[in-house]
Amino acid sequence: MKLTITLFISLLLCSSVLAQQMELDTTDHAIRLSIKEKLKARFEIEKKQLEKEFPRRMGKKMISLVDRKEQRLYKYLDKKQLTFDSRFTSFTNKMVEELKNSNAELKNRDLITLISLNPIPNALSLGNDIIIINLGLFTFMDNREEVAAVIAHELAHNVLMHGKKNVIDRVRKDEELSAQQRTKNIKKSKYNTYEQAFDELRELMYSNGKKNRLEEKEADSLGYVLAKRSGLRGINFLSSLEKLAAIDSLPEIELEEHIYKKVFDLPNLPFKDEWLKMESFDEYAYGNYKEKLEKDSLKSHPETVERIKHVKMLFPELTNDSIETTTTDDSFLALSRLAYHASIPNLYFLESYGISTYRSLYRLTKYPENDFYKKWLGKNFRAMYEAKKSYRLNRYVQRLNVEKQSPSLQRFLNFIWNLRLEEIETIANHYDPKE
Ligand SMILES: [Zn+2]
């Protein structure tokens, strides 16, 4: 039965007739308005409290940080970078209800759970009973309990008021700096990425954008207690922790050269080999890239290993590793596929047109006739056309970086940057025809 359902869902994925069901519902104007009102009221209270608690300069600075967090959230809302698709919100609301009902720490809180379109499996506690979770959790976690573990961890941060502590810390440190050092502290990047929006918020919550190790451990242990009381099995808590650490960016993909010739050989624009011509492929720099990758994967692990060790020490029942993780169920699998499918348009809404195009091409290698991916390829080209026309393409498409990018990504970026404005427009018109 399960296999049949899986097969059925796979078929759904390829069928353009049913593509509608595979797109996220964006008819959410009324919900967005009401959420905005709710957030406004919530932030008002937060700011009033800070004013009382920290008079003068310190309070002013803290309030300005809250303001930035608030504005960032509204930007998410206004640019439709949050989803209120009921298939996901009913899932998370149910999960949060379960956690609330089994934990006195959460019971009387009016929790606001927002779902961002970000494809990376991650989540963030914004303090004041607001958490934001990324849609990527649904793609990369294997079952609902692993998602519950992440939500419980974030709610633990919220209960422990880590966000506020960090803001106090940050303002205190800032007070010690000279005016000159302060301006240096504000980092600005020219290039828009889906990661950047998340990092911006995270930086507002955590000093230096880095999470405090001690706080992570605290949130792990309280998170585990909260989750366990609502019936979560420890093994899923551990596997969720491992995944969160291992997947901190979209997994690398490799595009084969032939896909370019297939997709970009159009009736009114035959494929040009010169589009793929690269200045030079630097073997030495690529060696550095490989090395960097290996180092990074090692680097990202010790901290997680330490966290797992810590939570196991506190809860000996977690050391029983003969238990298997929960297998996925069909309703979760359906959400997971939906999140995977929607990640292409979502990267577009997050204004990462280059990455969205790159990944559309990858999907088109697998499903050459998929109209959904073709349509979004066209929309991305339309957006890149508008950007290039106003000399702002570098905001949405990375420049080549031989030391940081895989050869496949370099070939892609080189291709995009080699295209002339009118060629980009022709490709956009082909895949996303104007009515
Ligand atoms: Zn955390």
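Leaving aside its neighbours within four places in sequence, with which residues is Met-95 in contact? In this predicted model, the contacts of Met-95 beyond those neighbours are Val-147, Ala-148 and Ile-151. Met-95 itself belongs to helix H4, which covers residues 86-101. The residue counts as buried because 21 other C-beta atoms lie within 10 Å, where the cut-off for burial is 20 or more. Glu-145 stands 50 residues from Met-95 along the chain, yet the C-alpha atoms of the two are separated by 9.2 Å.

Two packed helices are described by the angle between their axes and the distance between the axes. For helix H3 (residues 56-78) and helix H10 (residues 194-205), the angle is about 155 degrees and the axes are 10 Å apart. H3 is therefore roughly antiparallel to H10, since angles over 145 degrees fall in that class. The crossing of H3 past H10 is left-handed. On the H3 side, the contact is formed by Leu-65, Arg-68, Lys-69 and Arg-72, and H10 contributes Glu-200, Leu-201 and Leu-204. Sorted by class, this contact comprises 3 nonpolar and 4 charged residues, with no polar ones.

H17 is mostly covered, with 10 of its 14 residues buried; among them are Tyr-353, Ile-355, Tyr-358, Arg-359, Leu-361 and Arg-363. The cover over these buried residues includes helices H13 (258-263), H16 (330-349), H18 (371-389) and H19 (407-418).

How values were computed
Residues are numbered from 1 along each chain as its sequence is written. This is a predicted model: local features need pLDDT of at least 70, side-chain atom pairs count only at pLDDT 80 or more; totals for chains, interfaces and linings use all residues. A residue is buried if 20 or more other C-beta atoms lie within 10 Å of its own, exposed if 12 or fewer, and partly exposed in between; C-beta atoms are placed from the backbone. Helices (H or I, at least four residues) and strands (E, at least two) are DSSP runs, numbered from the N terminus. Two residues are in contact if their C-beta atoms, placed from the backbone, lie within 7 Å. Axes are lines fitted to C-alpha atoms, for helices over the stretch in contact, and angles run from 0 to 180 degrees between N-to-C directions. Angles under 35 degrees count as roughly parallel, over 145 as roughly antiparallel, 65 to 115 as roughly perpendicular and the rest as oblique. A crossing is left-handed if the near helix is turned anticlockwise from the far one by less than a right angle, and right-handed if clockwise. Ala, Val, Leu, Ile, Met, Phe, Trp, Tyr, Cys and Pro count as nonpolar, Asp, Glu, Lys and Arg as charged, and the others, Gly among them, as polar.
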